[in-house]
Amino acid sequence: MRNVVAVSFPKHVWTLLAVHFVASLAHFAHNAEFIAYYPNMPAWLTRDDIYLAWSAVTSAGVAGLVLYRFGLYVLSVLLVGTYGALGLDGLAHYTLALCSEHTLATNATIWF
């Protein structure tokens with residue numbers, strides 16, 4: 001039998017990915033369930049659209065992890081980096097309304 005060395009992201013990267021996953025899920029779920037309380041959100045945006053968007057964002061991170069396992073390191077790092085960068089998109093809420101116009105819970109999920 002051949003020796004296979006499992007290559008994995010460092011522990012701190014796994015920790016950051018886990019925190020990002022939880023934070024994005026919390027934010028998107030809050031956004032979906034309380035869409036009426038987010039100021040100036042487009043009227044066409046529905047609860048289902050928000051969950052679909054979260055699935056798309058998360059799939060970039062998951063695809064990056066899968067590609068890493070297959071040894072496609074450069075593409076993997078690009079996808080995981082994209083997943084991280086997409087997390088900053090929550091700050092776009094502040095282009096629609098000031099921080100003071102959002103509820104405390106809304107601001108907390110955006111900052112998280």
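Me: Let's start with α2. What do its buried residues pack against?
Reply: This is a predicted model. In it, the buried residues of α2 pack against α1 (11-33) and α3 (73-87).

Me: Which residues of α2 are the buried ones?
Reply: They are I50, W54, V57, T58, A60, G61, G64, L67 and Y68.

Me: Why would some of them sit three or four places apart?
Reply: An α-helix has 3.6 residues a turn, so residues with that spacing point the same way.

Me: How far apart are the end C-alpha atoms of α2, and what should the span be?
Reply: The ends are 33 Å apart.

Me: What follows α2?
Reply: G71 follows α2, and its phi is positive, near 85°.

Me: OK, rings now. How many aromatic pairs are there?
Reply: The count is three aromatic pairs. One of them is F34 with Y37, a tilted pair with 6.3 Å centre to centre and 50° between the planes.

Me: Is Y37 buried or exposed?
Reply: Y37 is exposed, at 58% relative accessible area. F34 is partly exposed, at 39%.

Me: And what kind of pair do Y68 and Y73 form?
Reply: Y68 and Y73 form an edge-to-face pair, 4.9 Å centre to centre with 65° between the planes.

Me: How accessible are those two?
Reply: Y68 has a relative accessible area of 14%, so it counts as buried, the cut-off being under 20%. Y73 is partly exposed, at 37%.

Technical notes:
Residues are numbered from 1 along each chain as its sequence is written. This is a predicted model: local features need pLDDT of at least 70, side-chain atom pairs count only at pLDDT 80 or more; totals for chains, interfaces and linings use all residues. Side-chain values use heavy atoms; hydrogens and water are left out. Helices (H or I, at least four residues) and strands (E, at least two) are DSSP runs, numbered from the N terminus. The expected span of a helix is 1.5 Å times one less than its number of residues. Buried means under 20% relative accessible area, exposed over 50%, partly exposed in between (1.4 Å probe, protein chains only). Contact means heavy atoms within 4.5 Å. Rings of Phe, Tyr and Trp (its six-membered ring) pair if their centres lie within 6.5 Å; planes under 30 degrees apart count as stacked, over 60 as edge-to-face and the rest as tilted.
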